[in-house]
Amino acid sequence: MTKTRSSSASQYKSFGLVLQAMVVLARKGDTCSSCEMAELLSSEATLLRKTMAKLTRAQILVTKEGRDGGYALNCDPEKLTLADIYQALEAGEACSKAVNETMCGNALGEQMMDACGELFAEMDRSIVLVLEKYTLAEMVRKAGC
């Protein structure tokens, strides 16, 4: 059970890391390797590659192989919302999942999950609604990059 809690919390950490990486890519406007981004973000390249793969599958990023390879944006930063990024990372399901994991595994816990199900779903929806208000380009400007 502890491992699952960690994975839910790591979804939010991944979002923060990827958001920073996306700002780097938008600012650079060209291909950037995972090693270069990891160094800028004081992170591990393998962790970054793992999370960026989800954005590649969602066609938010494209990858280029080879010596000059790396990641590049496949979307206009002015149109790419933070909700798009968040949902591509599948972080949205982690909010209610993380709360559900705190419920005890007995009858009371099941009753609480039933009682709170709509509340947790509303929490998930509200996060996405807030993130839809912001684009990657806005984050670049706010970060002063």
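Helices (H or I, at least four residues) and strands (E, at least two) are DSSP runs, numbered from the N terminus. The model is predicted, with local features requiring pLDDT of at least 70 and side-chain atom pairs counting only at pLDDT 80 or more, while totals for chains, interfaces and linings use all residues. Residues are numbered from 1 along each chain as its sequence is written, and side-chain values use heavy atoms, leaving out hydrogens and water.

**The whole chain.** Begin with a cartoon of the chain, which holds seven helices and two strands. From the N terminus on, the order of elements is α-α-α-β-β-α-α-α-α. Next, display the accessible surface (Shrake-Rupley method, 1.4 Å probe; for residues, only the protein chains shown count as cover). The chain exposes about 8,600 Å², of which carbon and sulfur atoms supply 53%. Colouring by relative accessible area separates buried residues (under 20%) from exposed ones (over 50%) and partly exposed ones in between, with a 1.4 Å probe and protein chains only. Of the 145 residues, 38% count as buried. For contacts (heavy atoms within 4.5 Å), consider pairs at least 6 apart in sequence: 67% of these join residues at least 24 apart.

**The nonpolar core.** Select M22, M37, M52, L55 and I85, the residues with the most contacts inside the largest nonpolar core, which has 32 residues. Such a core is a set of buried Ala, Val, Leu, Ile, Met, Phe, Trp, Tyr and Cys residues joined through side-chain atoms within 4.5 Å. Two or more residues come from each of α1 (2–28), α2 (34–41), α3 (45–57), α4 (82–88), α6 (107–131) and α7 (136–142). Helix α1 gives the most, with ten residues. Now centre the view on M22: neighbours within four places in sequence aside, M22 is in contact with L55, I60, L61, L73, L80, I85 and L136.

**The aromatic pair.** Rings of Phe, Tyr and Trp (its six-membered ring) pair if their centres lie within 6.5 Å; planes under 30 degrees apart count as stacked, over 60 as edge-to-face and the rest as tilted. Select F15 and Y86: the ring centres are 5.3 Å apart and the planes at 85°, so the pair is edge-to-face. F15 lies in helix α1 and Y86 in helix α4, 71 residues apart. Both F15 and Y86 are buried.

**The cysteines.** Finally, select C32, which is buried at 0% relative accessibility. The closest cysteine sulfur to that of C32 is in C35, 9.9 Å away and too far for a bond. C116 is also buried, at 14% relative accessibility. The structure holds zero disulfides, a disulfide being a pair of cysteine sulfur atoms within 2.5 Å.
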